[in-house]
Amino acid sequence: SRGQLFDTVVNTVLEKLVAAGSYERFASCYRCFYKLQPEMTRSIYEEFIFQLQASIKEEIQEVKKEGKLELLFDSLDKLVEEAKEQQEPAWRPSGTPEEDASSAMVPYLLKHQSYLRRVLKEKEKDNKQLAEAVLAGRGRIKELQQQIQARREAWE
Amino acid sequence: SVNPMAYEAQFFGFSPQTCVLRVYIAFQDYLFDMMLVVESVILKKLDAFPDSKLSPLQIRKCTEKFFAFMKEHFNKLFSNLEKVLLQLVLNIPPNLLLPEDKVHQQYPYSREQFQALQDEVQELQRQYRAEASAGQALRAELEEQKVVQAELEKILQWFAGLESICREHGTSNVKESFTFLTQNSKKLQDVLKDVEKKRK
Amino acid sequence: QDYLQTSQAEVLSSKPNYQQILDEQGEVLSFMQLVLEELQQAVKLLQ
């Protein structure tokens, strides 16, 4: 897993670094002091190596904590596992954010489109009924006008 | 680096290079700090040997020599570490699509298709608004019709009232009654004339 | 303008002039007033 790989490579570098910075190498660089105090040189070296490893490991833990690396590595491992079947290269951001963002809008627009189609159809249906009522009302009024006209003519 | 690894940055929330740099700095800083500690400890130990003739400058040279060796070695080690981290740990394989981008897989819309979809949604919105205002206009006409219908029915009632008054007074057909009345008046006139003549 | 592109454009664009219809009734009523006045005059005369 990515988490283990991360720890392994970092620890390997630390081990190799410590191996490279051997006591012999240390004593040969601090020859003048080593001649004067060989035991002290040895204990200073050991303390140095212990502290160096401890503080680097602690700092790496800090980096992992700060970046939530464990969590991210695990979820990335899962995503990689899920994408195993996928042979083709996957989509990647085009580099023009507004274009990518707009196509991320597609499902909402499609949803909005089908919603609008539905409500428009309902509204047209309502309006059809309203129009029928209006036409009936107009017919009624025409009828009343004709009745009044007939009465008027009768009196005329 | 040539490859900004933007997609990885989208996933991690920081660029892989930043992470690698943090690791590099962790090693380098602590190596440096520890060297200074070693040097200060040695200098302190030397205080106990005043006739050792070892000067701080000499110790400093030793420190620089050991630090330079360690740093050079570390840089060699680190270039491999960087490769492994960037290629195997902090990278997103090309076939992997992040969950938040699934939408691009499901809806691979080109710019033109997207524009067409947007246009259609706008057209639908416009149509819906037009239908809604048409619905309001139709409702308003129904209200108007109620008023007009009421007025017309009132007039018809008035006519009906007029006619029922006529009926109540026995003149269901005004025209006939009027003709009858006129004839009667004429007859009355004739009778009156007759009477006049006889009287003379 | 909006209406002309709706499903009921035809109905909406053929809306009668209700005010004119009411005005016409006003004319009927004033006609009736005339008739009744004449009738009244005539009946008075006959009387």
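**Notes on chain B and the cores**

1. Let me begin with the surface of chain B: its accessible area is about 12300 Å², and carbon and sulfur atoms hold 59% of that. Please keep in mind that this is a predicted model. Of the 200 residues in chain B, 36% count as buried.

2. Next, the overall shape. Chain B has a radius of gyration of 56 Å, whereas a compact globule of 200 residues would have one near 16 Å. Along the principal axes, the C-alpha atoms of chain B fill a box of roughly 185 × 45 × 20 Å.

3. What is chain B built from? Its secondary structure comes to six helices and zero strands, so to read it from the N terminus is to read α-α-α-α-α-α. The domain assignment gives domain 1 (6-101) and domain 2 (172-200), and the centres of these two domains of chain B are 138 Å apart, taken over C-alpha atoms.

4. Now the packing. The largest nonpolar core has 63 residues, and those with the most contacts inside it are F6(A), Y30(A), F48(A) and F27(B). Chain A gives two or more residues from each of α1 (2-20), α2 (23-29), α4 (38-66) and α5 (69-82), and chain B does likewise from α1 (6-12), α2 (16-47) and α3 (56-89).

5. Another core, of 17 residues, lies apart from the largest one; I155(B), L156(B), C166(B) and V28(C) are among its members.

Note on methods: Residues are numbered from 1 along each chain as its sequence is written. Chains are lettered from A and ligands numbered from 1 in the order in which they are written. This is a predicted model: local features need pLDDT of at least 70, side-chain atom pairs count only at pLDDT 80 or more; totals for chains, interfaces and linings use all residues. Side-chain values use heavy atoms; hydrogens and water are left out. Domain bounds come from an automatic or database domain assignment. A nonpolar core is a set of buried Ala, Val, Leu, Ile, Met, Phe, Trp, Tyr and Cys residues joined through side-chain atoms within 4.5 Å. Buried means under 20% relative accessible area, exposed over 50%, partly exposed in between (1.4 Å probe, protein chains only). Helices (H or I, at least four residues) and strands (E, at least two) are DSSP runs, numbered from the N terminus. The radius of gyration is taken over C-alpha atoms; the globule rule is 2.2 Å times the number of residues to the power 0.38. Accessible areas come from the Shrake-Rupley method with a 1.4 Å probe; for residues, only the protein chains shown count as cover.
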